[in-house]
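Dear colleague,

Please find below the structure that I am handing over to you. My notes on what was found in it follow directly after.

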Amino acid sequence: MHAGFVLAGVILTLIAAFYPGRALCKPYSKSMSWSAEQVLSLAPDDKSVKAGRSQASASKWSGTGQNDRALWGLCQGSGKKPYYTIVDLSEPAFKCSCPSRKFPCKHGLGLMLLWVDSPGNFPTKETDEWAADWITGRDNRSEKKEAKRADAIAGVVDPKAVAAAEKRAAKREDHVLAGIDHLQLWMKDLVRHGLTQAESRTNAEWDELARRLVDAQAPGLAQIIRDMSSLVGSGAGWHMLMLERIANLHTIVQSYKSREGFSEDIQEELKTLVGWNKSVEDVLRVGAVRDKWKVVGFTVEDEDNVRARRTWMRGSQTGNWALQIDYSVKNQAQASAPAVGHVIDADLHYYPSAFPMRAVFSKTHEKSQSFEDGLGDAFTVEQAYVQRATTLAQNPWITHLPVLVKAVPVRDDGSWWLQDASEDGLPIADSFDHVFELTALCGGKPHDIACQWTDQGLTPLAVLVGGKLETIA
Amino acid sequence: MNNDELVAVALLGTALKPVPALDYPELEELVVSTKNPEETLLTRVALKSLYEKAGQKPVKVKADIAAAPDEVQETTNPAMNTVFLRSLEDHVDVVEEWLSVAAKKRMVLAPSILVAALEAGTKNHRLQSAVLKVLSLRGYWLASQNPIWSKWVKGADEAWKLGQGAARLSVMKELRHSDPEKARQTLLDSWTTESAADLSKTLDEAFVINISDDDIPVIEKALGHRAESVRDAAALLSSHLPASKHSQDMMHILKDYVHMARNTLTFDIHDNTIVQKVTALGLKSNFYPGHAAAENQWALECLVHASPLDFWTDLTGKSISQLMKTTVKGLSKDDLRTMWYEAARRQTNDAWMIELIKTSTTKPLYPQSRVDEYPNAQALYAALKASGHEKKASLILSDIKSVWSVETTLVAWKDMVSIIRDKRTFSHATNSDFARYGNPEALSSMKAHTPSLDLTNYYQNELQKILDVFAFRATLLKAFSDND
């Protein structure tokens with residue numbers, strides 16, 4: 001039997017046997033509208049938050065209006081003509097005639113903030129013509145998209161397209177395997193001659209390997225190499241960290257090469273790690289999970305020129321977690337993301353995975369609304385560790401996990417932790433910049449804190465204060 | 001195979017150093033032997049790291065600080081907080097004003113804006129005093145955990161001992177709000193080292209907060225102070241406490257200057273003995289020679305403010321409502337009503353306040369009633385409404401809300417008018433330009449004073465900035481009003 005197969009398969013069974021999982025659920029209750037914090041959570045970056053606030057002044061707007069579907073207005077910028085700004089409240093989605101490449105732009109955010117602040121500035125009326133055109137266009141596009149999605153959900157397939165896709169996939173597989181062979185040789189060389197050699201390797205050499213993997217149509221592996229290159233000489237203990245990363249990469253490529261022996265979910269996981277992207281239509285063929293999805297928080301990470309926004313959600317009824325990832329080229333338009341603190345009654349489809357987490361929405365049953373009834377049962381620190389072990393047993397390569405823990409931020413010997421009632425601690429990531437905001441909200445007493453958990457530690461996303469979700473930023 | 005051994009192999013390379021076995025026999029059994037040492041090393045490292053990660057146990061941690069004390073004061077609401085954060089971004093010039101309005105409303109900063117406020121105070125020293133005035137107990141607690149903040153935000157005790165001027169005053173105000181007993185003790189502990197100026201300011205501005213009969217010993221101690229300013233501050237405080245000896249003394253003096261005859265309240269304050277008697281009890285006259293009549297009236301005001309309001313019903317044998325209709329001689333009736341308003345406000349006497357408002361003929365009630373500063377304003381509102389005085393009740397509400405609005409919009413209005421007068425080039429401004437900005441009366445007044453506005457491109461921005469401030473203030477006002 002192949003070593004890689006043993007490595008992945010047996011350890012999953014082993015760890016799973018130690019740590020039984022558990023399910024969470026909590027009843028749902030409806031609540032109101034938008035808050036300024038929720039609007040600002042839609043901003044693509046901190047600068048946009050500031051700029052958006054600056055536009056939330058009635059004096060800057062004219063021709064404002066609103067109805068159940070949208071709100072709109074004209075904003076006088078530096079030019080002669082005002083910018084035409086509209087927000088489709090059903091998602092929300094934004095449109096503005098300004099030249100900004102950010103999305104939503106400061107005008108969209110400002111208009112919505114003003115609406116939250118002073119709805120009286122927005123008379124209720126029929127949508128203005130210019131705004132109605134955009135709404136109609138959206139509806140038309142949405143119908144086409146829905147039709148395509150409906151076909152996918154209904155399992156309608158075009159045999160010709162399937163055959164062509166299979167042919168392309170076979171060709172790509174050859175490229176990928178060739179790339180992996182090269183990568184394995186490179187890793188073997190690195191380990192044989194020692195990591196001291198890694199220090200002497202130039203950035204160009206790492207980049208060259210990453211480029212070669214991109215050419216081999218294995219962008220996932222290329223990204224792992226780029227991340228590893230930044231570890232070289234990055235501080236005390238980098239050798240061990242590097243060794244662990246190489247070992248992890250080793251397990252991925254070994255397992256990928258012998259993936260036929262694994263379950264379909266593991267196979268899909270490995271393909272994703274290597275860089276095979278699943279189309280949304282393919283994901284939609286997987287059965288939907290309808291729930292009232294509470295948007296808990298998000299993180300934004302820059303990976304080279306790509307910005308990844310990870311939005312975490314939790315089902316009110318199932319207690320399941322879900323992750324929506326939106327990728328965008330830095331400083332360019334980003335897809336609409338659900339607003340933090342809102343609950344969305346929708347069908348959600350998980351990407352196939354050893355531990356399904358990433359998901360995409362297909363159908364929204366009700367307009368999103370704020371919620372104030374909590375997020376479900378929170379873990380103790382020990383339960384959180386058990387849950388992580390359970391997850392790792394199913395997917396040893398998972399890098400981002402959600403966790404809701406009842407704890408309080410404390411400082412012990414210079415490091416920050418989330419401490420529960422038993423004085424057990426979970427480390428807060430050094431990169432988390434808002435630890436004092438979290439501390440202020442908690443006041444030294446345990447609260448339900450939703451976090452993203454990576455190898456670097458916890459990144460708190462939001463805290464429940466009196467049933468209300470307070471985002472931390 | 002521990003981490004050190006692994007790193008040693010990894011650093012030197014498998015070509016030079018053999019791969020050690022795992023410390024975990026249960027895992028070692030899983031490693032399929034291979035002749036490839038690189039693969040063996042990586043497999044063992046992968047197993048070890050995953051096994052340790054999955055089996056990780058929680059670490060015991062100790063908090064280095066206790067939980068924050070429970071908040072005793074109302075915190076700023078989400079609408080105010082949004083305005084505050086926005087003002088930090090775009091209207092730094094009004095942050096201080098925001099803080100002072102919150103202080104006036106006796107509110108403290110909500111947890112969600114504490115970090116922003118403490119950061120603002122750290123960056124801008126001018127804001128520190130204003131931030132301290134509205135810093136919550138949680139704010140002090142939070143600041144103590146960050147050395148940069150705690151440099152200027154000391155804990156109450158330390159700040160009182162080490163602080164200066166406004167900072168000390170704000171600490172004492174905070175204590176008066178949260179723990180009046182501790183405030184009294186803190187002041188008594190440092191009594192001998194306090195300068196007369198600090199002591200009088202502390203009594204005047206801090207001890208008026210939550211004043212009660214429990215403060216009488218401190219006030220009487222201050223009435224015996226060698227410094228005139230301290231005695232004056234103490235005497236003023238005494239007027240809030242009708243049970244104090246000082247108030248009783250003031251009432252006895254008052255008896256000499258007012259009497260009831262033929263259904264008429266008659267005042268006789270023509271001789272200057274009234275001033276001498278009042279100043280002998282600690283109050284300080286600031287009148288120059290030659291203003292005897294005004295000085296005498298001032299002394300009478302002091303007496304009326306400090307005397308228990310029951311004095312009037314006892315003297316005349318009339319109810320409060322009958323007193324309102326009583327003829328007054330030797331003093332303007334309006335002046336007497338204003339003195340009664342002030343006495344009722346200081347002594348927090350709802351019955352008098354309600355009767356005065358019911359019989360008031362001025363609109364709005366402010367500033368005569370100072371109802372905006374009356375602690376039981378909401379009770380007055382409810383009582384008047386319940387007794388069928390809807391209009392008067394609504395006047396109370398509008399007074400509470402309009403005080404700040406009038407003050408601030410007029411500041412902005414004056415700014416704008418001065419620019420317009422300087423430039424003399426604005427024209428074409430339409431009513432709609434102004435219509436959105438909150439206070440219609442102030443705006444129409446502004447428009448009336450500026451009949452020919454010329455909104456040229458150059459000046460449009462300046463005007464826009466002012467209008468932005470206007471809009472901002474309107475939003476701010478709304479936030480506070482909503483809270484009411």
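A residue is called buried when its relative accessible area is under 20%, exposed when it is over 50%, and partly exposed in between, using a 1.4 Å probe and protein chains only. By that rule K294(A) is buried, with a relative accessible area of 2%.

Please note that this is a predicted model, in which local features need pLDDT of at least 70 and side-chain atom pairs count only at pLDDT 80 or more, while totals for chains, interfaces and linings use all residues. Residues are numbered from 1 along each chain as its sequence is written, chains are lettered from A and ligands numbered from 1 in the order in which they are written, and side-chain values use heavy atoms, with hydrogens and water left out.

The two chains

Helices (H or I, at least four residues) and strands (E, at least two) are DSSP runs, numbered from the N terminus. Chain A has 14 helices and 16 strands, and chain B has 27 helices and 4 strands. Of the 473 residues in chain A, 53% are buried; of the 484 residues in chain B, the buried share is 49%. A contact means heavy atoms within 4.5 Å. Taking contacts between residues at least 6 apart in sequence, 65% of those in chain A join residues at least 24 apart, and the corresponding figure for chain B is 69%.

Salt bridges

Side chains of opposite charge can pair when their charged atoms come close. A salt bridge here is a side-chain nitrogen of Lys or Arg within 4 Å of a carboxyl oxygen of Asp or Glu. The count over all chains is 27.

K294(A) lies in strand β5 (residues 289–303) of chain A and D373(A) in the loop between β10 (369–370) and α13 (381–394) of chain A, so the pair ties together parts 79 residues apart in sequence. D373(A) is also buried, at 17% relative accessibility.

E173(A) and R259(A) form another salt bridge, with their closest N and O atoms 3.2 Å apart. This pair links distant parts of the chain, 86 residues apart: E173(A) is in helix α6 (residues 159–193) of chain A, and R259(A) is in the loop between α10 (238–257) and α11 (264–274) of chain A. E173(A) counts as buried at 15% relative accessibility, and R259(A) counts as buried at 10%.

In chain B, K358(B) and E355(B) meet in a salt bridge at 3.9 Å, N to O. Both residues lie in helix α22 (residues 350–358) of chain B, 3 residues apart, which is about one turn of the helix. K358(B) is partly exposed at 26%, whereas E355(B) is buried at 16%. Elsewhere, salt bridges that share partners join R69(A), D88(A), R138(A) and D139(A) into one network.

Leaving aside neighbours within four places in sequence, E470(A) is in contact with L441(A), A462(A), V463(A), V465(A) and S112(B).

L74(A) is found in strand β2 (residues 70–75) of chain A and is buried, with a relative accessible area of 17%. L74(A) and G63(A) are 11 residues apart in sequence and 5.8 Å apart in space, C-alpha to C-alpha. Beyond neighbours within four places in sequence, the contacts of L74(A) include W61(A), Y83(A) and W130(A).

Two positive phi angles

Q217(A), a residue other than glycine, has a positive phi near 60 degrees. Q217(A) lies in the loop between α8 (203–215) and α9 (219–229) of chain A and is partly exposed at 32% relative accessibility. T348(B), also not a glycine, has a positive phi of about 45 degrees. T348(B) sits in the loop between α21 (333–346) and α22 of chain B and is partly exposed at 35%.

Yours sincerely
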